[in-house]
Amino acid sequence: MDVIASIQEYINKILTNIQGMKVLVLDKETAGIVSMVYTQSEILQKEVFLFEKIENTKEKMLHMKGVYFIRPTQENIQSICDELKDPKFNKYHLFFTNTISKVSLDEIAKADEQDVVSEIQEYFGDFFAVNPDTFTLNLPGMLTKKSQRWQSDVSRVVDGLFSSLLALKKKPVIRYSSNSDATRYLAEKITERMNRDRDLFDFRRQGEPLLLILDRKDDPITPLLHQWTYQAMIHELLTINNNRVSLAKAPGIKDELKEVVLSLDHDVFYKENLYKNFGDLGASIKDLVDQFQDKMNTNQNIQTIDDMKKFIENYPTFQKFSSTVSKHVSIMDELNRLISLDNLMEVSEVQQELACNHDHNSIYNHVLEIVNDSKYTDRDKLVLVLLYSIRYEDGRVWELKEKLSSIGISPKDIGLIDTLRGYAGASLREGDLLGTKNIFSFARSVVKRGLQGVSNIYTQHKPLLHDILDSILKNKLKDTSYPYLSTTQSRERPQDVIIFMVGGITYEEALTVYTFNSLNTGVCRVVLGGTSILNREQFLDDLSKTQVNTNPSSKK
């Protein structure tokens, strides 16, 4: 269960099976899908002469084969049909990232009057592979069924999730969050597709996999918290977009570092430090710089022809290493600047208190102190009150709203507090987000915290997903909370689990899945997917676009 390897396998099979020089034609989405698992230079080594976008006007290259890896949208089908009237390549090899309808096949067949289409195949790479166990559909704004994005793009969500099952070669039983119309709707649509295309799911069975569809509203805390592990921090403070990170706002940054690429397959330092916390990252960066200085000193000590020869042979590797050092030193420098500028460590400490502890008076006073202090950003003040409103729905929320208004926070931003309650209030959530529904689990968490202390006050919080995975491992996930869609219910613990979250996932949850997989090798494997990968700003933006019924008794 490796989503990066699945996409790589598809691309590799396409390019190696078609001999000779070729042009690789992609659409806007597949260009991103491919770039996340292969570098341009790696693809060029597979006899690819040129990359083209399907929407661009192409020159005639009748000595070339056209290899298309595109989504089966009506727009793409129309582009191919138009082009076949005046072919640009001597042969066309068409690979679609999802099932293509008989109507579309007929349209292509009719347009292919010159008989240049060699093959049409379905290779199910209709999602963006982020980590080996994490994928996204890059569809923000999908928090509720009432959102505009849901209305326009829900079929894209179904396509992406459906294709991930086929890429991973899993025919799962399906469960969903019982308090969510969105997850039930998605479960029903996936079941319809699986029944319609049942021949595609003729896989060798090894146990019964599980697809669990969750709703972001069940855990609105996780996307609001500041993050302290490398990948999550970068996305929180700088934003990762298809493995690319902008450092353009960093003071004095060199032109070549204004946008950098972070790839697990091509950046060893990133891969090895992905989940390290901020404190440990400082030591890792120092080691990296020390290694670089050692190599610099070795290269400066050139005295013989043999030394020169070795230097020239090793120069490409040295250049790559130099780029890696510059990139990560620049990223860490900018992260450090932003953390200091906005006093994020102090804010994060109070955020963690709100997420994990139950002493209302102490927490309220800490929130009030930050709201009253001008050294903290308005955004952090608002988010602290949002977190407080989730933890203490019946607490002193009104007083805090009045306080935010008095320091100049806009009515629109203050309105997010009511919007959040209407979206993810206690009566609308499934699961035990705050650990208070079950008196025994509440008592255990308090005792455990008291006995063990806290090894890192900035990473105490565990997402709701942590408890869900624990329940799956123990085969105790409640049917009432997460019902099966079908009447046939598996009573065995699943060995392979695909979790998909409507409304988006976070890198903290990706870390939760990575840790779970590391601890349960050979017992249970999990892949996590979502409509998008959220950071705080994206979640607040998505929240601001929701037009929800704020009646706490209604489902979303």
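## Strand S13 and its partners

Strand S9 (residues 210-215) and S13 run parallel and are joined by 6 bridges; helices (H or I, at least four residues) and strands (E, at least two) are DSSP runs, numbered from the N terminus. Within this pairing, Leu210 has Val497 of S13 as its bridge partner. Two strands are said to pair if DSSP finds at least two bridges between them. S13 also pairs with strand S14 (residues 525-530), again in the parallel sense and over 6 bridges, and Met501 has Gly530 of S14 as its bridge partner. The model is predicted, so that local features need pLDDT of at least 70 and side-chain atom pairs count only at pLDDT 80 or more, whereas totals for chains, interfaces and linings use all residues. Residues are numbered from 1 along each chain as its sequence is written, and side-chain values use heavy atoms, with hydrogens and water left out.

Strand S13 (residues 496-502) is mostly covered, with 7 of its 7 residues buried; buried means under 20% relative accessible area, exposed over 50%, and partly exposed in between (1.4 Å probe, protein chains only). In a regular strand the side chains alternate between the two faces of the sheet. Asp496, Ile498, Phe500 and Val502 lie on one side of S13, Val497, Ile499 and Met501 on the other, and both faces are covered. Together with helix H19 (residues 507-519), S13 and S14 make a right-handed β-α-β unit. A crossover is right-handed if, with the strands pointing away from the viewer, the path from the first strand over the helix to the second runs clockwise.

## The five-stranded sheet

An open sheet of 5 strands has the order S2-S1-S3-S4-S5, with parallel pairing. Its edge strands, each pairing on one side only, are strand S2 (48-53) and strand S5 (117-122). From one strand to the next the twist averages 20°. Helix H1 (residues 3-17) packs on the sheet, where it touches S1, S2, S3 and strand S4 (89-96), and its direction makes about 160° with that of S3. Axes are lines fitted to C-alpha atoms, for helices over the stretch in contact, and angles run from 0 to 180 degrees between N-to-C directions. Strand S1 (residues 22-26) and strand S3 (residues 61-70) run parallel and are joined by 5 bridges, with Leu24 opposite Val67 in S3.

In helix H2 (residues 28-35), the buried residues are Thr30, Ala31, Gly32, Ile33 and Val34. These buried residues pack against H1, S1, helix H3 (40-44), S2, S3 and strand S6 (128-131); contact means heavy atoms within 4.5 Å. The N-terminal end of H2 is capped by Asp27, of which a side-chain oxygen lies 3.0 Å from the backbone nitrogen of Glu29.

Ile80 belongs to helix H4 (residues 74-84) and counts as buried at 2% relative accessibility. Leaving aside neighbours within four places in sequence, Ile80 is in contact with Ile54, Tyr68, Ile70, Leu94 and Phe96. The C-alpha atoms of Ile80 and Tyr92, 12 residues apart along the chain, are separated by 9.6 Å. Helix H8 (residues 230-237) is mostly covered, with 7 of its 8 residues buried, among them Tyr230, Met233 and His235. Just after H8, Thr239 takes a positive phi of about 80°.

Asn98 lies in the loop between S4 and helix H5 (102-111) and is buried, with a relative accessible area of 0%. Its side chain makes a polar contact with the side chain of Arg193 (2.9 Å). A polar contact is a pair of N or O atoms within 3.5 Å; within protein, one must be able to donate a hydrogen and the other to accept it, and residues adjacent in sequence count only if both atoms are side-chain atoms. Beyond its neighbours within four places in sequence, Asn98 is in contact with residues including Pro72, Glu122, Asp159 and Arg193.

Thr134, in strand S7 (residues 134-136), is likewise buried, with a relative accessible area of 0%. Leaving aside neighbours within four places in sequence, Thr134 is in contact with Val3, Phe128, Ala129, Ile505, Ala510 and Leu528.

## The chain as a whole

The chain has 20 helices and 14 strands, and 52% of its 556 residues count as buried. Among its contacts with a separation of 6 or more, 80% involve residues 24 or more positions apart. The chain exposes about 25,900 Å², of which carbon and sulfur atoms supply 48%; accessible areas come from the Shrake-Rupley method with a 1.4 Å probe, and for residues only the protein chains shown count as cover.
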